[in-house]
Amino acid sequence: MREVRLSGNLSTVPAAAPVLTALRAQAPGLLHVVDPYKVPLAEAVEKARAMADLGHPALLVGSTDNPAFDQRVAPYVAELRERTDLPLVLHFPSIPGRGAPLCPGADAVLVHAVLNSVRSFFVTGGLAATARTATALGQDGPELLRSASFAFGTDGKTHEAVGARPAAEDGRELPRLVAEVAAADFDLAYLLYRHGRVPDRVLRAYRRGLAPQQLLFVGGGVTSYRQVREYHDCGVDWVVVGNGLETADWRDTLHGLSGRPGGRPGGAGDPAVPPALAAALQRGLRRPVRSDPAGRAAYATNVGRLHHLLPAVVTPVTSAEEVAHVLRTTRAAGTPVAVRGSGHSFGRQGLSDGGVLIVGEPGDPAVRVLADGTAEVSARAPWYAAELALNVQGRSIPVLTNHLTVSIGGTLSVGGYGEGTITHGGQVDLVERFRLVLPDGQPRWCSPTESPELFRYGIGALGTLGVLDRVVLRTVEHQRHTTIATQRHPSLTALVAEVGWLAQEQRSPVDLFSAQHYEGGFVATYGMRGGGPLPQRLAGRAETRVEADWPLRSMRESRRNPADPSVHFIWADYCLSLPAAAEFARFLDVEILAGTGYREGGGRLLMLGVHRPEQRPGVPFTPAAGLRGLALGFGLYFSVPRGDRPAVDLVQGLHRRVLAECLALGGRPYLAGWYDLTEADLQSMYGDDLTTLRRLRRELDPQGLFNPGLLA
């Protein structure tokens, strides 16, 4: 038994809480609402059984209307209860003077407080009246699920029923309403958009602002599994489907909406495989396309494993000509197309939801060293292959990340940072020229003098404008040996205070720098290429050794430790200028590293120094863009068991707090990782650059088919 305290009412109602407990434990998911005024009882019984078979925790019985409730609905619910064991939840507007209508057989009732109603009864009166009725029923009363409810857009039916004005979608009213819901004793917030879709920014505002135990429901106009997933991706706990299942083929639709196999091929949960398109794509490719279920499923998630988006066709490409063929074919067919490298990405990067997925096959790096010391390489190749090929020719890439098995093009689509960033900036800062295959299939070389606008926005922007094919990078003379020095610090705050000496004009006094959380403290690692002496600052204050092939150790480590398919990797990086980084470090020490969530989420923290060469043109969507002098990058990496939703929610909540602090201090997140950015965040960080990028995208991809994503 638990005590239910109603908002604005001091009365209490004893009640068990099996339905609310189940909803909290099994989120995210799908709920169906059966309208007893429209759906025959026999069909409702079949739907209840189908919902139970698919593992859904409850069936809603409800309608915007409630006339003759006791004569029409009460017998319906009583009979339904006799023929199903699935919990039944009433979902009707309150009746003035009575509250939410109740009847025997119901396990729970959604009690709606319509906070933006023009009628005071529907704001607070319905809750109080329902509580009185439930108290009179005693142990036979249903569980009360207290809902702060809002209707969005033009919705004459809801306005007539409960006096609901269109709910706020932006401005000052939205955060005020979210805060009001969070502060009150509501079990959930219910957002209804009868004739549209609740905007992502609204969903994220509620998800961020609600108390941890409060659920987020969304309903209205949902007809596809894609819509369900998009809502879940924004933090929605339960998607309520009504009219979308009031069709003759509701069984197949329910399977599809539930994301379960078992419906007819091509149902809503399994994107139809278009044979003619697959055949047309195959005609221009050397390797076979994958339109079989197993082949598509192999590319339905990425290393983060937080999303499962099933492509209709997977097209492996080995050349610019093949990329162009796929882009021309999909454009002619009006089919969306996404791009994937090694799949070492997070969120929905590198995934396709029912469209065509281009997968770059690694192949030969095809390295060509030019007379000026730059090197032209294939963007489909992994970094380790390019580095090994360059070493044979006496050259080296001065910035390598900790994951050398990823593709060159994939990393350059976000930035690329490593120990060498302390001197040379990101991998995007090494790029002199690149060849981009545009969304219409046309290849174009880009540099500061050739298509300069595309050069500025064609890398570091999540692959928004085209597919990278060839890249010309600055390289340095290969030095096999590296002098390494390590220092220990008791805290992140102490570490950041110590590294300020690295902030010098134009370049760092060391070639390599990184730091990581280790055994309760922090270890900083400094390196000088060629085995030369370290700066005097480190002499006698650090443990020193000489290592061979130091940059390639990451390749060996990644081969020993492949990505664990049983784990969700929820990684994000944050970059701040040195003064702001000191405050950020104090925040992380106190608010994150000292908390139980960091340990429970398998947390790790890495730090890099960022010293972007000032003479290089900026790549506007990288985290160090616009920062002067030394900046520090903080990588906060969590690994939680796959399917452990509470752990995922915990870690994502930590990242949201860290992101808010980073933005407040003038920093930026690294778009390579997991992030939860609103449109307002994007506008604040990128401003005119975001406007220009989107203009270029409209010009190059007027149908909006190519590689959709955050910046698009």
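These legends accompany close-up views of aromatic contacts in a predicted model. Residues are numbered from 1 along each chain as its sequence is written, and side-chain values use heavy atoms, without hydrogens and water. In this predicted model, local features need pLDDT of at least 70 and side-chain atom pairs count only at pLDDT 80 or more, while totals for chains, interfaces and linings use all residues.

**View 1. The whole protein.** The protein has 23 helices and 28 strands (DSSP runs numbered from the N terminus: helices are H or I with at least four residues, strands are E with at least two). Its C-alpha atoms fill a box of roughly 90 × 60 × 45 Å along the principal axes. Of the 712 residues, 58% are buried (under 20% relative accessible area; exposed is over 50%, partly exposed in between; 1.4 Å probe, protein chains only). Contacts (heavy atoms within 4.5 Å) are counted between residues at least 6 apart in sequence, and 72% of these join residues at least 24 apart.

**View 2. Stacked rings of Phe434 and Phe455.** The structure holds 17 aromatic pairs (rings of Phe, Tyr and Trp, the last by its six-membered ring, with centres within 6.5 Å; planes under 30 degrees apart are stacked, over 60 edge-to-face, the rest tilted). In the pair of Phe434 and Phe455, the centres are 5.6 Å apart and the planes meet at 15°, so the pair is stacked. Phe434 belongs to strand β17 (residues 431-437) and Phe455 to helix α16 (residues 452-457), 21 residues apart. Phe434 is buried, at 0% relative accessible area. Phe455 is also buried, at 9%.

**View 3. Tilted rings of Trp571 and Tyr637.** Here the ring centres of Trp571 and Tyr637 lie 5.0 Å apart, with planes at 40°, so the pair is tilted. The pair links distant parts of the chain: Trp571 is in strand β25 (residues 567-577), Tyr637 in strand β27 (residues 631-641), 66 residues apart. Trp571 is buried at 10% relative accessibility. Tyr637 is buried at 13%.

**View 4. Arginine charges over tryptophan rings.** The charged end of Arg433 sits over the ring of Trp445, 4.2 Å from its centre (NZ of Lys or CZ of Arg within 6 Å of the ring centre and within 35 degrees of the ring normal). Arg604 places its charged end over the ring of Trp571, 5.8 Å from the centre. Trp571 is also the partner of Tyr637 in the tilted pair.
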